[in-house]
Amino acid sequence: MALPDDKYVVRHSSHIVKCKRLRLDQALSQGSTEGWSEARIKAYKTRESNPNAYYYRFNDPGEEQGKGKWKEEEKLLFMERLKEVGPDAGWGIFSMKIPGRVGYQCSNMYRHLIE
């Protein structure tokens with residue numbers, strides 16, 4: 001089932017609920033965290049003291065998240081970052097130098113590399 005970028009699906013055992021997704025930059029421009037999960041709020045509030053937790057799932061406000069297959073320039077940045085900090089730095093912190101990508105995407109990329 002294909003949905004627009006601003007929608008997501010929550011699957012329950014008995015039914016499917018379609019919800020409107022509130023992007024980080026949209027919520028911040030509204031001055032609200034309404035519609036955010038508890039995990040997202042906590043990560044945002046502690047991004048200064050625990051950037052790894054925040055950048056594992058989220059980009060900076062207003063930064064578009066990369067989707068799909070990695071571009072060649074992203075792969076090069078990934079490999080440079082891997083040489084610089086290695087795979088044990090924390091994927092959120094690792095991803096901060098790769099525009100558009102978040103920590104879990106970098107973690108997945110690494111897993112594909114070592115398979």
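How many residues apart in helix H4 are Glu-84 and Arg-81? They are three residues apart, so about one helical turn separates them. Their side chains meet in a salt bridge, with 3.0 Å from N to O; the term means a side-chain nitrogen of Lys or Arg within 4 Å of a carboxyl oxygen of Asp or Glu. Helices here are DSSP runs of H or I with at least four residues, numbered from the N terminus.

A word on the model: it is predicted, so local features need pLDDT of at least 70 and side-chain atom pairs count only at pLDDT 80 or more, while totals for chains, interfaces and linings use all residues. Residues are numbered from 1 along each chain as its sequence is written, and side-chain values use heavy atoms, leaving out hydrogens and water.

The structure holds three salt bridges. Another one joins Arg-101 to Glu-74, whose closest N and O atoms are 3.0 Å apart. This pair links distant parts of the chain, with Arg-101 in the loop between H5 and H6 and Glu-74 in helix H4, 27 residues apart. Arg-101 is buried at 3% relative accessibility (buried means under 20% relative accessible area, exposed over 50%, partly exposed in between, with a 1.4 Å probe and protein chains only).

Now turn to the inside. The largest nonpolar core has eight residues, among them Trp-70, Phe-78 and Cys-106; such a core is a set of buried Ala, Val, Leu, Ile, Met, Phe, Trp, Tyr and Cys residues joined through side-chain atoms within 4.5 Å. Helices H4 (72–85), H5 (91–95) and H6 each supply at least two residues of this core.
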